[in-house]
Amino acid sequence: MDYGIIFKGIGGFYYVKFNDSIYECKARGKFKNQKITPLVGDYVRISIQDEDKKLGMIEEILERKTELLRPTVANVNQAIIVFSIKNPLPNIILLDKMLVLAEQSGLDIVICFNKADLDVDFDYEKYEAIYHRIGYPVLKTCALEGEGIDALSVYLQDKITVFSGPSGVGKSSLLNAVHEGFTLQTGEISEKIKRGKHTTRHSELMELKNGGIVVDTPGFTSLSMHEVAPEDLKEYFIEFRMQGESCRFDNCMHLNEPGCAVKEAVERHDISKDRYEAYLYILNEINELKRRQKKW
Ligand SMILES: Nc1nc2c(ncn2[C@@H]2O[C@H](COP(=O)(O)OP(=O)(O)OP(=O)(O)O)[C@@H](O)[C@H]2O)c(=O)[nH]1
Ligand SMILES: [Mg+2]
Ligand SMILES: [Zn+2]
């Protein structure tokens, strides 16, 4: 291939993997004039400025297949959404929001519940029941003892995958378990509030032996939904899609409209009440954001 891929970007330098070497590259001024910033994950054509010192120049950026905002990574095709069963406890609304954003970006999705060793109350089955039923692969892993790591690795083959989720759930630990060569820094959980301490600070691509490329990302505690239009939200709750076709009105928002097949499915327990309530909650949040924006 004539193209390289940006593995890392620091202070205006881009580290491009090309022909099995890493070249330290700058970007041509034209990109700045066009207000284009090269992103980690971008496929780029480089000219080699100094072969011995492995210096290059980014000449061209290929069209991005996807562009994630958080983290800002191009051409990702899969998200592993990681939560821990305990320490910290899963925030299910945050999980549903992450699913919405990943669906909006058109990514393949795998949900991973880590820290299986702490699942003394058998909470995993409860989560699995909700998300597996609607079609998402759900994994139970233990980064410390290796449970579920092989299953996780299979999903990573030949894809560019981001690991995202709150701080302290074990994203970096999972990646270290998946690949012997990785020595990503991991952080203790704060004893008092059982939260992570934001150990991972930046995003960088890393290659696996099975041809997969993975991106560790910094954890977060909240997600803004400002990029999601209220009328689109229902499309990103995948189990609503098929039911929604039977609603009396084409533009049914599944709120209080007569003949709403989604609400009927909730009554029959064919759609989980928790998911439906998450939909209402997130829709309300998006509408609030819109109202506040209008005021400015
Ligand atoms: N008991 C248990 N602890 C785990 C497991 N996986 C990770 N941990 C611990 O959880 C803590 C946080 O792990 P990290 O891998 O740093 O978490 P992270 O998601 O990368 O956190 P940020 O980088 O802050 O977003 C560390 O103390 C890990 O040793 C697990 O399967 N079981
Ligand atoms: Mg980390
Ligand atoms: Zn409806």
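**Notebook: helix, zinc site, domains**

I started with helix α3 (residues 124-133), where Tyr-124, Tyr-127, Ile-130 and Tyr-131 are buried. Buried means under 20% relative accessible area, exposed over 50%, partly exposed in between (1.4 Å probe, protein chains only). Helices are DSSP runs of H or I, at least four residues, and strands are runs of E, at least two, numbered from the N terminus. I looked down the axis of α3: its buried residues fall within an arc of 140 degrees, so they line one face of the helix. That arc is taken over the directions from the helix axis to the C-beta atoms. Just after α3, I noted Gly-135 with a positive phi of about 115 degrees.

A note on the model: it is predicted, local features need pLDDT of at least 70, side-chain atom pairs count only at pLDDT 80 or more, and totals for chains, interfaces and linings use all residues. Residues are numbered from 1 along each chain as its sequence is written, chains are lettered from A and ligands numbered from 1 in the order written, and side-chain values use heavy atoms, without hydrogens and water.

Next entry: the metal. Which atoms coordinate the zinc ion (ligand 3)? I found Cys-247 (SG), Cys-252 (SG), His-254 (ND1) and Cys-260 (SG), at 2.1 to 2.4 Å. Donors are N, O and S atoms within 2.8 Å of the metal (3.2 Å for Na, K and Ca); water is not among the atoms, so sites may look incomplete. The spacing of these donors along the chain is C-x4-C-x1-H-x5-C. The four donor atoms subtend angles of 104 to 114 degrees, which makes the arrangement tetrahedral. Four donors count as tetrahedral if all angles lie between 85 and 135 degrees. I checked burial too: Cys-247 has a relative accessible area of 7%, and Cys-252 has 1%. Both count as buried.

I then turned to Tyr-279, in helix α8 (residues 273-295). Tyr-279 is buried, at 0% relative accessibility.

Last, the domains. The assignment, automatic or from a database, gives domain 1 (4-61), domain 2 (78-216) and domain 3 (230-295). The centres of domain 1 and domain 2, over C-alpha atoms, are 30 Å apart. Eight residues of domain 1 are in contact with seven of domain 2.

Note on methods:
Four donors count as tetrahedral if all angles lie between 85 and 135 degrees; four count as square planar and six as octahedral if opposite donors are over 155 degrees apart and all others between 65 and 115; anything else is irregular. Contact means heavy atoms within 4.5 Å.
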